[in-house]
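Thanks for making time this morning. Before I say anything, please take a moment to look at the sequence and the structure on the screen.

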Amino acid sequence: MTYHPKSDFMRVMIERGYLADCTDYQGLDEALSKGVVTAYIGYDATAKSLHVGHLLNIMMLRWLQKTGHKPITLMGGGTTKVGDPSFRSDERPLLGPEQIDANIEGMKQVFAKYLQYGGGETDALMLNNAEWLDGLNYLEFLRDIGRHFSVNRMLSFESVKSRLDREQSLSFLEFNYMILQAYDFLELNRRYGCVLQMGGSDQWGNIVNGIDLTRRVLDNEIYGLTSPLLTTSDGRKMGKSQGGAMWLNADMLSPYEFWQFWRNTTDADTGRFLKLYTELPVEECERLGSLQGSEINEAKIILANEVTTLCHGAEAAAAAEATAREVFEKGGVGDDLPTLELTAEEIGDGISIVQVIVRAGLAKSGKEAKRLIAENGARMDDAPLTDAGLMLDAGKLAAPVKLSAGKKRHALVKLG
């Protein structure tokens, strides 16, 4: 793109690869260069923690604040009761209010690490859309807000169209979601002077709806900006691994496993991920990303350390690196490895190695564990594990046993 931005925020978005699309580049850039801009991203409270898939947008809010603007993290206490149908093939399971509140509490812990909250001009705000959605009067809402929406246009949005094209049911409840999200933008503009909504490019239709609605009802000029939907160079969705979601809360995923996820980045993704997920200068990210051979591994360790420091603190990052070096380079057993503790009662006369591999999180099922052993992908104390019928008794577990699946996934098993 040949556009040269005036504002620091737009420059960072373009240089570091955060920008997929914008409703009005120049209008937004002008607003950003004139004074403090308030912007928001919405997060539905569908789990107790955010995961690596959310991290790109959290970094966008962090850069927004670092370049002198005001971020809003909007928790979807109201919209989570409906569920976003965008690009889903099925309806989300509906959560009760207690579960939604518990999830919001868990998610707040993550945001506090990346953003400075408070009452200052550029301090972040944590809001909950239940504040205005819970008290809506349905008939008034239909009359005042619903009349601005064309069903023909809503049906043309890719997120809805893809579901209908596959002849998958789309409930009226979910169909309302985009109206509620548009209404969020209107309320944030009216109450907090918020003029920018950001999100992944799958949210483009919802964002445009909000801009449209706010212009019609309040006649205010507001903007939308989207980030690319990231996939890794091998085609996987960012933030997913064989073991499931890469959570950002330490009680749901250990800092060591989080560090290890980044350390295992493919060579082709290293430079791009350094730009998106760390605050190292762009030139340094490009230099590290262009390293060849074994040197790229040091760039991946820098990536893992930088991202883990932001999420879990410098001590956790240093401990994870020390454990990794101990496990990989010296063949030792690191203190920080994911650990499975078994009681004498659980072991009894013996516990099968297949069951232990599954319980240690190295395989999802007994079938997968057996396949791992059959394909020579499992090791015990760094020696190949070939017998799927092996039983471990208390004697074998007198000292901690290190289990490995492939070269990169390890766990300790010990007597509790």
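What you see is a predicted model, in which local features need pLDDT of at least 70, side-chain atom pairs count only at pLDDT 80 or more, and totals for chains, interfaces and linings use all residues. Residues are numbered from 1 along each chain as its sequence is written, and side-chain values use heavy atoms, with hydrogens and water left out.

Let me start with charge: side chains of opposite charge can pair when their charged atoms come close. We call it a salt bridge when a side-chain nitrogen of Lys or Arg is within 4 Å of a carboxyl oxygen of Asp or Glu, and by this rule the count comes to 19.

One of them joins Lys6 and Glu30, with N to O at 2.4 Å. Lys6 sits in the segment before α1, while Glu30 belongs to helix α2, 24 residues apart; helices (H or I, at least four residues) and strands (E, at least two) are DSSP runs, numbered from the N terminus. Lys6 is exposed at 55% relative accessible area, whereas Glu30, at 31%, is partly exposed, where buried means under 20%, exposed over 50%, and partly exposed in between (1.4 Å probe, protein chains only).

Strand β9 runs parallel to β15, joined by four bridges, and two strands pair if DSSP finds at least two bridges between them.
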